[in-house]
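Thank you for making the time this morning. Please take a look at the sequence and the structure before I start talking.

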Amino acid sequence: MKRKLLYIALIFTILCITCIIVCNRTIKKHTTSKIYTEASIIPTNKVGLLLGTSPKLKNGNNNLYFDYRILAAVELYKAGKIKYILISGDNRREDYNEPEEMKKALMQKGIPEKFIYLDYAGFRTLDSVIRAKEVFGQNQLTIISQRFHNERAIYLAEKNGINAIGYNAKDVNAYAGLKTNIRELLARVKMFIDLAIDKQPHFLGEKIIIGKKSM
C-alpha cells in the first residue's frame with residue numbers, strides 16, 4: 001500500500017513539473033519577439049499599461065519592483081514611445097492603493113497628471129489586461145513591468161484580442177526575487193486554466209475614454 005501511494009505521488013509530481021515546464025516554455029516562445037529592453041527601438045503606442053505593485057515590502061523596505069517599473073514608464077514617456085499611462089493595480093482595501101502610489105511616483109518624476117489614468121480594479125494581471133480593452137477601449141498596448149510579468153501579460157492580451165508589446169523594467173537580483181519567480185511559475189499554469197474556462201475580471205463597469213480628460 002505504501003509503495004502504491006509512493007508511485008501515485010511520484011507520478012503526480014512528474015505531471016505537475018511537466019505542466020509547469022510546458023506552460024512556461026509556451027509563454028516564452030510566443031512572446032520573445034514582443035519584448036523590448038531599449039526605449040530607442042520599441043514601437044510607439046498611444047497607451048502604456050503599467051502593472052501595479054506596492055511601493056513597500058512587508059518589512060518596510062522599498063519594493064524594487066515598484067521603483068524599477070516607475071523608471072521604465074518614465075523612460076518610455078520621455079522617449080515619446082507612449083502618450084498616456086494607464087496604471088492598473090489593487091485597491092481592494094482603504095489602506096492599500098497601488099494605482100495612487102504609482103501615480104504619485106510618476107508625477108514626482110515629471111509626468112503630468114493629465115496623461116495618467118488609473119484603474120483601481122486591477123486585482124490580477126488578467127483583470128488589468130482585459131479591463132484595458134473592455135473598460136478603457138485599448139486594442140493596442142505597451143505593457144510595462146518586469147520581463148517575467150510582461151511575458152504572461154502579453155500572452156493574456158493576445159488571447160483576448162489585444163495587440164500588445166512589453167517594455168521590461170529592470171529586474172531584481174535572483175535572491176531577492178526568488179519567491180516571486182517561483183510564484184510566477186505557478187501563476188503561468190493558473191493563467192492557462194483561466195483561459196480554458198474563459199475567466200473574466202471581478203469588475204468591468206462604465207467605459208472610460210483615454211485622452212478625454214479636461215486640460
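This is a predicted model: local features need pLDDT of at least 70, side-chain atom pairs count only at pLDDT 80 or more; totals for chains, interfaces and linings use all residues.

Let us begin with helix α1, residues 2-31, and helix α6, residues 178-196, whose axes come within 9 Å and cross at roughly 80°. Angles of 65 to 115 degrees count as roughly perpendicular, and α1 and α6 are therefore roughly perpendicular to each other. Where they meet, α1 contributes residues including Cys19, Ile20, Cys23 and Ile27, while α6 contributes, among them, Leu185, Val189, Met191 and Phe192.

Now to the strands, and to β5 in particular, which covers residues 140-146 and has six of its seven residues buried. Which strands does β5 pair with? Strand β2, residues 47-51, runs parallel to β5 and is joined to it by three bridges, with Leu50 partnered by Ile144 of β5. Strand β6, residues 163-169, also runs parallel to β5, and here there are seven bridges; Thr142, for instance, stands opposite Ile165 in β6.

Finally, helix α5, residues 147-159, has 13 residues and reaches 18 Å from its first C-alpha to its last, close to the 18 Å expected. Is α5 enclosed or open to the outside? Because 10 of its 13 residues are buried, α5 is largely enclosed by the rest of the structure, and the buried ones include Phe148, Glu151, Arg152 and Tyr155. Just after α5, Gly161 takes a positive phi of about 75°.

Key
Residues are numbered from 1 along each chain as its sequence is written. Side-chain values use heavy atoms; hydrogens and water are left out. Axes are lines fitted to C-alpha atoms, for helices over the stretch in contact, and angles run from 0 to 180 degrees between N-to-C directions. Helices (H or I, at least four residues) and strands (E, at least two) are DSSP runs, numbered from the N terminus. Angles under 35 degrees count as roughly parallel, over 145 as roughly antiparallel, 65 to 115 as roughly perpendicular and the rest as oblique. Contact means heavy atoms within 4.5 Å. The expected span of a helix is 1.5 Å times one less than its number of residues. Buried means under 20% relative accessible area, exposed over 50%, partly exposed in between (1.4 Å probe, protein chains only). Two strands pair if DSSP finds at least two bridges between them.
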